[in-house]
Amino acid sequence: MNLMFIIFTYNRPKVTAMAINSLFNQTKIRPDEVWILDDFSDKEFQINFHEFVRNTTNDKMPINLIQMGKNYGIGWAFENAFRLIKWKKPRLVGILEADYI
């Protein structure tokens, strides 16, 4: 199965980590890849995120990060998610927005 999850985030390292852990703990359906679209979070997020990925990532589910150099807002996130979907062409897509997790 070709399943992609896209997580939108901005300065929410703990919530983002919880979302990724939830995806890792799925027993029936695991995503093939996860994309984090970060809308210019601060240095704390970047440090925490990279440490989290280094400690938890595995070969079964790659975690990819796209970070912006400026805060563009939620419209940017949806536009880039659409571009990712067109590029990768997954069968199924899940989108998580950090404010609603």
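I started with helix H1, residues 13-24, in this predicted model. I counted 12 residues in H1. From first C-alpha to last, H1 reaches 16 Å, close to the 16 Å expected at 1.5 Å a residue.

Next I asked which residues of H1 are buried. I listed Pro13, Val15, Thr16, Ala17, Ala19, Ile20, Leu23 and Phe24.

Then I checked what covers the buried residues of H1.

I turned to charges. How many salt bridges does a search of the whole structure find? I got two.

One of them joins the side chains of Glu33 and Lys88, at 3.6 Å from N to O. Glu33 sits in strand E2 and Lys88 in helix H3 (residues 74-88), so this pair ties together parts 55 residues apart in sequence. I looked up accessibility for both partners. Glu33 is at 11% relative accessibility and counts as buried. Lys88 has a relative accessible area of 31%, which makes Lys88 partly exposed.

I then took the pair Arg83 and Glu79. Their closest N and O atoms are 2.5 Å apart, and they form a salt bridge. Both belong to helix H3, four residues apart, so about one helical turn separates them. I noted the general rule here: an α-helix has 3.6 residues a turn, so residues three or four places apart point the same way. Arg83 is partly exposed at 47% relative accessibility. Glu79, at 42%, is also partly exposed.

Methods:
Residues numbered from 1 in each chain as written. Predicted model: local features only at pLDDT ≥ 70, side-chain atom pairs only at ≥ 80, totals over all residues. Heavy atoms only, no water. Helix = DSSP H or I, 4+ residues; strand = E, 2+ residues; numbered from the N terminus. Expected span 1.5 Å × (residues − 1). Buried < 20%, exposed > 50% of the residue type's maximum accessible area, 1.4 Å probe, protein only. Contact = heavy atoms within 4.5 Å. Salt bridge = Lys/Arg side-chain N within 4 Å of Asp/Glu carboxyl O.
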